[in-house]
Every structure is written in C-alpha cells, then in structure tokens.
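Here is a friendly walk through one protein chain, with a few residues picked out along the way. Have the structure open and follow along.

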Amino acid sequence: MSAEVVASLHPPRLPEAFTTAGPADLLLAFGLGLLGFGLVFWLIAPALTRRPVPPSARARAKAARALPPGEGMLALAELAAQQGTGLTLEEQRALYARDPGATPEALADRLARGRGRWL
C-alpha cells in the first residue's frame, strides 16, 4: 500500500466505553493480578517451607543412652555405621552380650564427641 492510500483511510473509531478505563476494567485488572500472584506463590511455595533438621549425633547418642541396654547398644551401632565409624572388638562383643556393662556409655561418648573415628 502506498502512503496516499493509508492517508486517505479514516481513523478507526471505537465506542467511548472502550477508550477509557472504568471501574469494571480496574476490578478485572485487580482480579487478574491476584490470580497471577496466587499462581506464582503456588509454584514457589515448596521452596519456602522449612525442612526438619535431623537430630545431631550428640542428640541421637543421648537418646540411645535412655534405651534399655541391648536396644541402646544396637542404636549406637547403627549411629556408628551411619557415621562411617568402626566398632572395636569390645563393642562388637557388647552387641551380643546379655549385659554390655559400661561399653554403651563409652561408645555414646565417643560418637557424641565427633566423627568417632578410632585408629
């Protein structure tokens, strides 16, 4: 199309209700904004939730002390395995003993102090 043809065309005319923003248009924009915010919040909500912190080795060793001797020694052995710590021969024997004696206390202290590695 040439410039003369475009210049000869009449400008488009819209009804006056379409050219100005009224209360219904503002309400629609507000509603769409709320829907958009809700969608964004729904998408990022999993990233905003707090995740429970697993108990520390010290807390788990303390909880194992409160258990009966056999169960406590088993819980301490499981904690040692999760930490990558080996058990001494005395501690291994205490796992199967009827009365482990003071071995669970010593193992709990060793595991609560740190990584519990022994040489």
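Predicted model: local features only at pLDDT ≥ 70, side-chain atom pairs only at ≥ 80, totals over all residues.

Let's begin with helix α7, which spans residues 103-113 and contains Arg-110. The buried residues of α7 are Thr-103, Pro-104, Leu-107, Ala-108, Arg-110 and Leu-111. Looking down the axis of α7, you will find these buried residues within an arc of 165 degrees, so they line one face of the helix. An α-helix has 3.6 residues a turn, so residues three or four places apart point the same way. The cover over the buried residues of α7 includes α4 (57-65), α5 (69-83) and α6.

Now step back to Arg-98, in the loop between α6 (89-96) and α7. Arg-98 and Gly-70 are 28 residues apart in sequence, while their C-alpha atoms are 7.5 Å apart in space.

How accessible are the residues picked out here? The table lists three of them.

| Residue | Relative accessibility | Class |
|---|---|---|
| Arg-110 | 12% | buried |
| Phe-41 | 45% | partly exposed |
| Arg-98 | 85% | exposed |

Arg-110 counts as buried because its 12% is under the 20% cut-off.

Phe-41 takes us to another helix, α3 (residues 23-48). Phe-41 also belongs to a nonpolar surface patch of about 910 Å², made together with Phe-37, Leu-39, Val-40, Trp-42, Leu-43, Ile-44 and Leu-48.

Notes. Residues numbered from 1 in each chain as written. Heavy atoms only, no water. Helix = DSSP H or I, 4+ residues; strand = E, 2+ residues; numbered from the N terminus. Buried < 20%, exposed > 50% of the residue type's maximum accessible area, 1.4 Å probe, protein only. Patch = residues over 30% accessible without salt bridge, like charges linked within 9 Å, V, L, I, M, F, W, Y side chains within 5 Å. Areas by Shrake-Rupley, 256 points an atom, 1.4 Å probe, with all protein chains shown as cover. Salt bridge = Lys/Arg side-chain N within 4 Å of Asp/Glu carboxyl O. Arc of directions from axis to C-beta. Contact = heavy atoms within 4.5 Å.
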